[in-house]
Amino acid sequence: MNQSTAESKKKSKRKFITPKTAPYIFIAPAVILFIIFTVYPVVQSLILSFQTSSGGVSTFAGLDNYRRLFNDPLFYKALGNTFTILIIQVPIMLTIAVLLAVLMNSALLKMRAFFRIAFFMPAITALVAYAIVFMIMLDENYGLVNYALSLVGIDPIAWLNDPFWAKVSLIVAVTWRWTGYNMVIFLAGLQNISNDLYEAASIDGAGKIRQFFSITLPQLKPIFLFTFVLSTIGTLQLFDEPFILTGGGPNNSTLTISLYLYINGFRYFDFNYASAIAYILVIIIALLSWFQMKVVGDKDD
Amino acid sequence: MTNNKNKTTTILKKIGLYTLLGIGVFLSMFPFYWMFIGATNPSGAIFSMPPNLVPGDHFFENLRNLNENVGIWRVIMNSLIITLTFTVVSVMICSAAGFAFAKYQFKGRDPIFFMLLLAIMIPYHVTLIPLFELMANVGWLNTYQAVILPHLAYPFAIFLMRQNMRSIPNSLLEAARVDGAGEMRIFFTVVLPTMRPALAAVAIFLFMFQWNNFLWPLVVLGDSSMYTLPVALSSLVGMSRIDYGQIMLGTTLSTLPIMVFFLLLQRQFISGILGGSVKE
């Protein structure tokens with residue numbers, strides 16, 4: 001009797017975690033956390049964006065926040081700045097990354113591991129840390145960069161205090177941080193291209209440059225898409241660098257969407273308006289990602 | 001003669017190649033060198049003309065000042081506790097979920113997985129404000145758990161674990177079942193040990209994410225004794241009289257451990273930071 005209860009106990013314990021129930025137990029922690037900390041806030045944020053609150057009382061306000069957003073010159077400025085940085089920075093960075101990857105893939109190169117470490121190093125630094133270092137290097141009066149320029153007879157540039165140069169500084173900083181990262185992705189892609197393609201091309205008399213355009217670039221297309229989507233999403237969320245380097249200035253010339261969201265949410269504590277900004281950001285990212293995949297995907301057919 | 005000509009062009013090509021890459025290495029590495037120089041010099045020396053490019057003897061003074069201003073040891077400890085706890089727990093949660101999605105048939109699997117994938121595309125700014133309200137309501141502002149909890153179920157990490165775990169042969173799992181191992185035991189003694197490289201890559205990815213995380217800790221940690229390194233560093237920049245020696249030491253302290261770790265484990269690191277998209 002005793003033995004059989006022990007056995008049935010053992011059985012019922014076994015029964016609780018069976019191959020049928022096990023997957024639910026395995027995903028439970030992730031799903032519960034995901035619902036509380038992602039699904040709930042995403043929904044709540046949408047609700048907040050349709051409300052206004054004063055004195056702790058929230059009332060439904062329809063599209064008021066969005067209407068206000070579309071009449072807000074600073075929002076357009078933030079949008080414009082973010083897209084300017086996106087349109088200029090991402091192509092420059094990806095071009096340098098591909099060219100570096102091609103050089104790194106050269107058969108003549110020794111010590112490839114060393115170069116790879118050196119180029120990848122910026123990608124492991126904290127965003128805040130490197131932004132601070134750049135801030136000091138780009139100082140108008142005493143910065144290292146202006147000193148170096150003075151050696152070749154160039155007058156000091158107001159890197160962080162001029163609306164145009166502040167954008168340039170941001171672009172330079174972001175490019176420094178992420179080029180090596182993208183280069184490593186491209187390098188892995190290059191190493192997957194079959195050598196036969198190049199051999200066949202040289203037999204046909206195609207030169208190196210021709211080979212680059214007619215073999216290398218087309219073969220790298222999926223990787224371009226991957227890095228392009230990643231960089232686009234990253235740039236649209238740009239926050240740490242403008243926050244540290246320029247604080248969005250001068251004259252809001254480096255105000256990004258994320259920074260504007262932060263300022264409205266946590267300096268003015270206008271959670272409703274900030275939520276509307278967040279949702280516009282979601283829509284932009286969704287549209288752009290869809291568009292990029294569509295454009296590149298269609299050419300495949 | 002053609003042989004000779006080939007040799008010279010090869011040498012010229014080599015010179016060009018190494019010059020270009022050398023310039024790249026210089027641009028890429030110089031800020032690090034300069035950061036170390038700054039960390040050992042007084043604030044004024046960083047802005048001297050011509051610039052000071054040799055290490056100074058102000059390391060300990062900078063350290064003392066930095067500790068007076070932000071309590072750097074406390075800040076480093078905060079960063080370590082948050083990052084390590086987060087990484088260990090998140091790896092467990094994400095690999096368990098990844099295993100279920102990869103190796104079991106169950107109702108709701110595909111829709112749930114699709115929801116997670118969708119979340120990869122969502123910028124985390126959207127969750128910022130409701131999460132802040134949530135943490136404020138339960139009284140968790142200025143706590144470790146407020147920083148740790150929201151990203152534990154990291155969709156990209158779950159996705160990566162699932163992709164990697166699909167390569168586990170079903171026969172291995174079946175054999176363990178025939179031997180009488182329960183599902184939990186299979187996960188801990190069969191699955192996790194065979195997945196070590198993937199676990200390392202995902203752990204590094206998660207570690208770097210949390211170590212560098214700035215916006216969320218900035219929002220949720222208002223008390224300077226709870227600051228993480230990035231938040232403490234940004235608070236130094238905001239001070240009215242900025243002491244650059246201190247700041248450079250602070251950035252060095254936040255970068256150096258990762259750098260050493262990176263040099264030791266560079267292959268795992270690269271594959272980890274790239275989210276396992278590059279395997280070697």
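1. Residues 79-292 of chain A are 74% helix and 0% strand, and the end C-alpha atoms of this span are 19 Å apart. Helices here are DSSP runs of H or I with at least four residues, strands are E runs of at least two, and both are numbered from the N terminus. An unreviewed UniProt entry annotates this span as "domain: ABC transmembrane type-1". UniProt positions follow the numbering used here, feature names are shortened, and annotations may be inferred rather than shown by experiment.

2. The model is predicted: local features need pLDDT of at least 70, side-chain atom pairs count only at pLDDT 80 or more, and totals for chains, interfaces and linings use all residues. Residues are numbered from 1 along each chain as its sequence is written, while chains are lettered from A and ligands numbered from 1 in the order in which they are written.

3. The unreviewed UniProt entry also marks "transmembrane region" in chain A, at residues 21-43, 83-105, 117-138, 220-239 and 271-291. Residues 21-43 are 96% helix and 0% strand, with end C-alpha atoms 29 Å apart. Residues 83-105 are 96% helix and 0% strand, with end C-alpha atoms 32 Å apart.

4. Check A:M111. This residue is not a glycine, yet its phi is positive, about 60 degrees. A:M111 sits in the loop between α4 (73-104) and α5 (112-120) of chain A. A:M111 is exposed, with 11 other C-beta atoms within 10 Å. The cut-offs are 12 or fewer for exposed, 20 or more for buried, and partly exposed in between, with C-beta atoms placed from the backbone.

5. A:N252 lies in the loop between α12 (240-245) and α13 (257-266) of chain A. A:N252 is partly exposed, with 17 other C-beta atoms within 10 Å.
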